[in-house]
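Thank you all for coming; I would like to take a few minutes to walk through one structure, going from the whole chain down to single residues. Please have the sequence and the model open while I speak.

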Amino acid sequence: MASAYANLLTEEEKWQFDLHGYLHLKGVIKPDRLAAMLEVITHWLTVDTAEMPKPVCRHRQEPYKTHLDHIQYGHGLFQEFNCDPQVIRVVAGLSMGAPRLFHCNFTQMVKAQAGDEDHQSFHRDDSGSKFSPGFRNPHNDYQVASGEIYCSHLATWVALADVPEGTGFCLIPGSHKSAFQTPSDLNVGDYPSVSITLPMQAGDVLVFATNVLHDAAVWTEDYPRMNIFQRYQLEAYFNETGKGRLPHEAYKDQLSEEAYELESLSKEEKTTVKSMRAHFGM
């Protein structure tokens, strides 16, 4: 028997996600909201790090990639977005109504220069919990039964700038269900064979199973690629131990009660899910 949250996704959305491992939500962030977000982000990218609101922090992963971690603690715009009903509907619909946000950051990626090391290679995300071959990893599980999808580890890729085809987010559709070894010579640049890049408009959101093989394709535009990245697990049982585990108790007063609850372990329906159901009249 399906849970009470099976109706949060349409039948077409269930079919698309089960087939491909992702859903593309268009126009989630409206222009005025997007402009306000970018104004805050631009300030944090340029200001002296000592002036940034803790626990927001800026760091480089590669020469052409800059991260801002824990952005929701630095400004209400981002915690409000974390509770956005359009995103929560899909995330809750894929997790039996029980999502928990455990990671949120911003990434800026500029065009790689000659000599920059190429880090692009397909991978799957996990929680650091490894299981022997043949076992199902409950931290990163995918099941379908009784007209409902259960995905215990989800992520979003939120475009804050336009993403043309052939660059940006790259994935192999359907790979969340693959039980066979990925070829060692399969590179992110092999678009035409099995992988795709997804053109997106600023304000679009991609929700995907983290078992989907994915990575960032080389950025080729003269303006920077900018995106927010969020990760979710089941609210009651799993607790990510890496990436600055949320919530940050020392800074909980910087979040609304709803945003803090979304990051917390729980066995009750979260306020964010209740608000989403009220928003859509469900």
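**Aromatic rings, core and loops**

Let me begin with a group of rings, because a pair of aromatic rings is described by the distance of the centres and the angle of the planes. In this predicted model, ring pairs join Trp157, Phe169, Phe208 and Phe229 into a cluster. A search of the whole structure turns up six aromatic pairs, and one of them is formed by Trp157 and Phe169, a tilted pair at 5.7 Å centre to centre with 50° between the planes. This pair links distant parts of the chain, with Trp157 in strand β7 (residues 153-159) and Phe169 in strand β8 (residues 168-171), twelve residues apart. Trp157 and Phe169 are both buried. Trp219 and Tyr223 form another aromatic pair, which is edge-to-face, with 5.7 Å centre to centre and 75° between the planes. Are the two partners buried or partly exposed? Trp219 has a relative accessible area of 1%, and so it is buried, being under 20%, while Tyr223 counts as partly exposed because its relative accessibility is 33%.

Let me now step back to the chain as a whole. The secondary structure of the protein chain consists of six helices and twelve strands. Its radius of gyration is 18 Å, close to the 19 Å that the globule rule gives for 282 residues, and therefore the chain is as compact as a globular protein of that length. Along its principal axes, the C-alpha trace spans about 55 × 50 × 35 Å. Of the 282 residues, 51% count as buried, and the chain exposes about 13200 Å², of which carbon and sulfur atoms supply 51%. If we take the contacts between residues at least 6 apart in sequence, 80% of them join residues at least 24 apart.

What does the interior contain? The largest nonpolar core has 70 residues, and those with the most contacts inside it are Trp44, Trp157, Leu160 and Leu206. Helix α2 (residues 31-46) contributes the largest share of this core, namely six residues. Apart from this core lies another one, of seven residues, including Ile172, Val188, Leu213 and Ala217. To return to Leu160, and leaving aside its neighbours within four places in sequence, its contacts include Ile29, Leu34, Phe106, Ala202 and Ile228.

A helix comes next. Helix α4 (residues 85-93) is mostly covered, since seven of its nine residues are buried, among them Val87, Ile88, Arg89 and Gly93. At the start of α4, a side-chain oxygen of Asp84 reaches to within 2.8 Å of the backbone nitrogen of Gln86.

I will finish with two loops. Asn211 is found in the loop between β10 (205-209) and β11 (214-217), where a polar atom of its side chain lies 3.3 Å from the backbone oxygen of Asn140. Beyond its neighbours within four places in sequence, Asn211 is in contact with Arg124, Asn140, Ser175 and His176. Ser266 has its place in the loop between α5 (257-262) and α6 (271-280). Is Ser266 buried or exposed? Its relative accessibility is 16%, and so Ser266 counts as buried, because the limit is under 20%. A polar atom of the side chain of Ser266 lies 3.0 Å from the backbone nitrogen of Glu268, and, not counting residues up to four places away in sequence, Ser266 touches Glu235 and Ala236.

How values were computed
Residues are numbered from 1 along each chain as its sequence is written. Side-chain values use heavy atoms; hydrogens and water are left out. A nonpolar core is a set of buried Ala, Val, Leu, Ile, Met, Phe, Trp, Tyr and Cys residues joined through side-chain atoms within 4.5 Å. Buried means under 20% relative accessible area, exposed over 50%, partly exposed in between (1.4 Å probe, protein chains only). Helices (H or I, at least four residues) and strands (E, at least two) are DSSP runs, numbered from the N terminus. Contact means heavy atoms within 4.5 Å. A polar contact is a pair of N or O atoms within 3.5 Å; within protein, one must be able to donate a hydrogen and the other to accept it, and residues adjacent in sequence count only if both atoms are side-chain atoms. The radius of gyration is taken over C-alpha atoms; the globule rule is 2.2 Å times the number of residues to the power 0.38. Accessible areas come from the Shrake-Rupley method with a 1.4 Å probe; for residues, only the protein chains shown count as cover. Rings of Phe, Tyr and Trp (its six-membered ring) pair if their centres lie within 6.5 Å; planes under 30 degrees apart count as stacked, over 60 as edge-to-face and the rest as tilted.
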